[in-house]
Amino acid sequence: MVFLLSELTTKNSKLLTSHKVRTIEEKIADKNMSINQLVDLLLDDGIHILVIILIAPFLLPASIPGSSTPFGILIILLELSVLFNRKLYLPKMVSGYELSNSTIKKFFEILEKALGYIEKIAKPRGSLTDKTFINKINSILIIILALLLFLPLPIPLTDFVPAVSILVLSVSCLEKDSYLLLIGYALTFASILYFYSIGYVGVEIIVRVLNYILNYFNIHL
């Protein structure tokens with residue numbers, strides 16, 4: 001009996017990320033909201049939960065046009081504030097970016113679906129996420145991924161791939177799941193490799209086109 005009560009208490013005390021997201025969703029009024037207002041509202045819930053909400057529009061193969069720039073910059077600034085233990089500063093181009101209420105609701109719908117899959121395997125495991133240097137490494141990796149997210153590339157999945165990696169890293173920290181964190185590291189490596197391959201192929205195409213043009217006009221460098 002004591003064992004069962006203890007087990008129930010442990011389960012009830014563990015607030016899953018999706019439950020936190022639903023709680024935050026209830027806080028948001030039925031109106032449009034600027035990035036600055038969103039940050040003011042959510043910053044008390046922690047950096048990771050705010051980052052998770054910010055990458056929501058990129059968890060679909062086709063993201064909202066123009067949103068990767070302000071959102072990517074904000075994620076970088078959030079993680080830099082964690083990395084150097086400094087107060088968050090928002091430039092006007094980011095803080096003034098306005099989101100419609102319908103867009104915000106769509107974010108939460110996407111998030112709940114994505115988190116539903118991740119939380120089937122996420123649970124407190126290991127002690128990696130309790131270490132300060134690991135959290136610093138996570139911030140650096142998320143900054144790198146946000147920089148990739150920031151790049152305005154007209155290529156499929158260039159927003160989706162880093163967004164998934166950021167999501168897994170952030171959820172692993174919130175859920176204190178060292179195994180999920182290692183999966184996040186593997187996804188981060190895969191994301192960097194994906195962008196490297198895009199860059200390599202892009203350079204190869206440019207070189208071949210230039211060589212074709214030079215050969216066509218019989219130009220020798």
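This is a predicted model: local features need pLDDT of at least 70, side-chain atom pairs count only at pLDDT 80 or more; totals for chains, interfaces and linings use all residues.
Asp-130 is exposed, with a relative accessibility of 52%. That clears the cut-off, because exposed means over 50%.

Lys-176 and Asp-130 form a salt bridge, and their closest N and O atoms lie 3.8 Å apart. Trace each end along the chain. Lys-176 sits in the loop between H9 and H10, while Asp-130 sits in the loop between H7 and H8. The two residues are 46 apart, so the bridge links distant parts of the chain. Lys-176 is partly exposed, at 40% relative accessibility.

Now select Asp-177. Is Asp-177 buried or exposed? Asp-177 is buried, and its relative accessible area is 0%.

Arg-125 makes a salt bridge with Asp-177, with 2.7 Å between the closest N and O atoms. This pair also joins distant parts of the chain, 52 residues apart. Asp-177 belongs to the loop between H9 and helix H10 (178-216). Arg-125 belongs to the loop between helix H7 (101-118) and helix H8 (132-150). Arg-125 is partly exposed, at 22% relative accessibility.

How many salt bridges does a search of the whole structure find? The count is two.

Last, color by confidence. The chain averages a pLDDT of 77, and 82% of the residues score at least 70. Select helix H9 (residues 160-174), where confidence is highest, at a mean of 90. Then jump to helix H1 (residues 2-13), where confidence is lowest, at a mean of 35. Over residues 1-15, pLDDT stays under 50. For that stretch the model has six contacts beyond four places in sequence.

Key: Residues are numbered from 1 along each chain as its sequence is written. Side-chain values use heavy atoms; hydrogens and water are left out. pLDDT is the predictor's confidence in each residue, from 0 to 100. Helices (H or I, at least four residues) and strands (E, at least two) are DSSP runs, numbered from the N terminus. Contact means heavy atoms within 4.5 Å. A salt bridge is a side-chain nitrogen of Lys or Arg within 4 Å of a carboxyl oxygen of Asp or Glu. Buried means under 20% relative accessible area, exposed over 50%, partly exposed in between (1.4 Å probe, protein chains only).
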